Amino acid sequence: MAHRREGHDGERARLQRVLVDDVRTLTYRTQHLAHAFAEHQAMHPTDLEAMVHVMQAEDGGDPLTAGGLAEALGLSTAATTSVVDRLERAGHVQRERAETDRRRVHLRITPSAMAVAGAFFGPLGRRTDAVMATFSQDELSAVHRFLLEFSAAMEDAEREHRSRASAAQGPSQT
């Protein structure tokens with residue numbers, strides 16, 4: 001019985017290594033595609049990342065402010081203002097005053113930016129739709145749970161690293 005358990009544990013460990021490698025491969029392929037889009041649009045990769053954050057927040061019904069974008073990007077407010085200015089000049093985002101509080105300015109993806117992104121990423125969407133069609137709903141749910149939890153673990157590790165790095169630098173001198 002112990003031999004059988006070791007075989008099961010060995011297979012599980014192998015599968016876990018394979019999954020980590022798969023996530024790593026997916027990550028760098030995603031980065032390469034994002035860089036190709038940014039290059040195609042003559043934009044900095046940080047600008048593309050900013051656009052993704054703005055789009056996701058808007059899709060989620062909670063549009064970002066410049067401060068929220070700064071936090072999402074891990075940049076200073078001054079650096080984020082430069083990113084937003086570049087994106088606005090390029091016609092990718094627009095600033096829009098909030099209806100409920102006119103002092104608040106939300107960032108919105110423009111229809112032209114959505115059209116450009118759709119043209120570039122549309123073929124990928126069709127390919128990923130075809131891949132997902134081969135999985136059952138239960139399998140897709142398991143993959144979703146895995147990716148959410150894996151992503152949260154990575155976010156926790158990043159937060160811990162940043163916290164340690166900040167503590168090692170000591171108190172800021174202002």
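Where is the place of serine 163? Serine 163 is in helix α6, which covers residues 137–169. The model is predicted: local features need pLDDT of at least 70, side-chain atom pairs count only at pLDDT 80 or more, and totals for chains, interfaces and linings use all residues. Residues are numbered from 1 along each chain as its sequence is written, and side-chain values use heavy atoms, with hydrogens and water left out.

**Overall build**

- The protein has 6 helices and 2 strands, where helices (H or I, at least four residues) and strands (E, at least two) are DSSP runs numbered from the N terminus.
- The pattern along the sequence is α-α-α-α-β-β-α-α.
- The protein is more spread out than a compact globule, because its radius of gyration is 21 Å, well over the 16 Å that the globule rule gives for 174 residues.
- That radius is taken over C-alpha atoms, and the globule rule is 2.2 Å times the number of residues to the power 0.38.
- Along the principal axes, the C-alpha atoms fill a box of roughly 70 × 50 × 35 Å.

**Surface, contacts and charge**

- Of the 174 residues in the protein, 18% are buried; buried means under 20% relative accessible area, exposed over 50%, and partly exposed in between (1.4 Å probe, protein chains only).
- The accessible surface comes to about 13000 Å², and 55% of this surface belongs to carbon and sulfur atoms.
- Accessible areas come from the Shrake-Rupley method with a 1.4 Å probe, and for residues only the protein chains shown count as cover.
- Among contacts (heavy atoms within 4.5 Å) with a separation of 6 or more, 46% are between residues 24 or more positions apart.
- There are 21 positive and 25 negative side chains, and the centres of the two sets lie 2 Å apart.
- Lys and Arg count as positive and Asp and Glu as negative, while His and the chain ends are not counted; the place of a charge is taken as NZ of Lys, CZ of Arg, CG of Asp or CD of Glu.

**Aromatic pairs**

- The structure holds 4 aromatic pairs.
- The rings of phenylalanine 37 and phenylalanine 121 have centres 5.0 Å apart and planes at 40°, so this pair is tilted.
- Rings of Phe, Tyr and Trp (its six-membered ring) pair if their centres lie within 6.5 Å; planes under 30 degrees apart count as stacked, over 60 as edge-to-face and the rest as tilted.
- Phenylalanine 37 lies in helix α1 (residues 2–40) and phenylalanine 121 in helix α5 (residues 111–132), so the pair ties together parts that are 84 residues apart in sequence.
- Phenylalanine 37 is buried, with a relative accessible area of 2%, whereas phenylalanine 121 is partly exposed at 27%.
- Another tilted pair is formed by phenylalanine 146 and phenylalanine 150, whose ring centres are 5.3 Å apart with planes at 40°.
- Both phenylalanine 146 and phenylalanine 150 lie in helix α6, 4 residues apart, about one turn of the helix.
- Phenylalanine 146 is partly exposed at 29% relative accessibility, and phenylalanine 150 is partly exposed at 25%.
- Phe37, Phe120 and Phe121 are linked into a cluster by ring pairs.

**Residues in helices**

- Serine 163 is partly exposed, with a relative accessible area of 48%.
- Serine 163 is 135 residues from tyrosine 28 in sequence, and their C-alpha atoms are 25 Å apart in space.
- Leucine 73 is in helix α3 and counts as buried, at 13% relative accessibility.
- Leaving aside neighbours within four places in sequence, leucine 73 is in contact with Thr46, Glu49, Ala50 and His53.
- Leucine 73 and phenylalanine 120 are 47 residues apart along the chain, with 23 Å between their C-alpha atoms.

**Residues in loops**

- Threonine 65 is in the loop between α2 (45–59) and α3 (66–73), and counts as buried at 18% relative accessibility.
- Not counting residues up to four places away in sequence, threonine 65 touches Arg104, Val105, His106 and Leu107.
- Alanine 42 is in the loop between α1 and α2, and counts as exposed at 73% relative accessibility.
- The phi of alanine 42 is near 55°, a positive value in a residue other than glycine.
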